[in-house]
Amino acid sequence: TTTTALLNDEVLPTCIHDSAPPGAGSNVFCATKSLDLASGKNVVSHQALSMMDVSAITEASHSLSTAAAASSGMLLAETEAWVQPTAFVLGPFLNLMSFAMLCRVVASWYPETNLNKVPWVFVAWPTEPLLRLVKGVVPPAFGVDITPVFWLAIFTFLNEILLGQQGLLVMKMKYGI
């Protein structure tokens, strides 16, 4: 059997191996083409690898490609149908709410900010019900309302636990845990 690889229109190592029963050693002869810098000519070098089990080489190559796929972040496991759509919706939602709460923190620094006017109404509309929910439970710190900071911490924590690099949904998608 002859194996030839092409890269950038150049023939890379060409290997010829004899047929042998599985598990028996096979002789592998490889020829590689390279450029001799001193003479500027192509040089063909031959190399014989005797008593090499070709099936072991193929198996090792397959396991290396599987390990490379695992480290590249590709999906490796089948997951339930709800996991990927949940992550797809939850990620932007948590990021948007975190940003809105951060805007509320900045708006609280300026008491003259009218939250009913156009740029701020887009921040106040989704955050106000959540802030009202915990305003009586979370006391002000040093006279400052910290409920936006509380919700910012909650949204950031949920984002990291569910969708972070080692988040639960990410691990479920990658490894089927």
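**Notes on the model**

1. The side chains of Arg 104 and Glu 128 form a salt bridge, 3.0 Å from N to O. Arg 104 belongs to helix α2 and Glu 128 to helix α3, so the link spans distant parts of the chain, 24 residues apart. A salt bridge here is a side-chain nitrogen of Lys or Arg within 4 Å of a carboxyl oxygen of Asp or Glu. Helices are DSSP runs (H or I, at least four residues), numbered from the N terminus.

2. This is a predicted model, in which local features need pLDDT of at least 70 and side-chain atom pairs count only at pLDDT 80 or more, while totals for chains, interfaces and linings use all residues. Residues are numbered from 1 along each chain as its sequence is written, and side-chain values use heavy atoms, with hydrogens and water left out.

3. Arg 104 is buried at 9% relative accessibility, whereas Glu 128 is partly exposed at 23%. The classes are buried under 20% relative accessible area, exposed over 50% and partly exposed in between (1.4 Å probe, protein chains only).

4. The count of salt bridges comes to four. Among them is Lys 172 with Glu 80, whose closest N and O atoms are 2.9 Å apart. This pair also links distant parts of the chain: Lys 172 is in helix α5 and Glu 80 in the loop between α1 (54-71) and α2, 92 residues apart. Lys 172 is buried at 16%; Glu 80 is partly exposed at 39%.

5. Helix α4 (residues 147-163) has 17 residues and reaches 24 Å from its first C-alpha to its last, close to the expected 24 Å (1.5 Å times one less than its number of residues). Its buried residues are Thr 147, Pro 148, Trp 151, Phe 155, Asn 159 and Leu 163. Seen down the axis of α4, they fall within an arc of 110°, so they line one face of the helix; the arc is taken from the directions from the axis to the C-beta atoms. These buried residues pack against α2 (83-108), α3 (118-134) and α5 (168-175), with contact meaning heavy atoms within 4.5 Å.

6. Which exposed residues does the face of α4 turned away from its buried side carry? They are Phe 157 and Glu 160. Phe 157 has 54% relative accessibility and counts as exposed.

7. Phe 142, in the loop between α3 and α4, has a positive phi of about 55° although it is not a glycine. At 87% relative accessibility, Phe 142 is exposed.

Technical notes
Helices (H or I, at least four residues) and strands (E, at least two) are DSSP runs, numbered from the N terminus.
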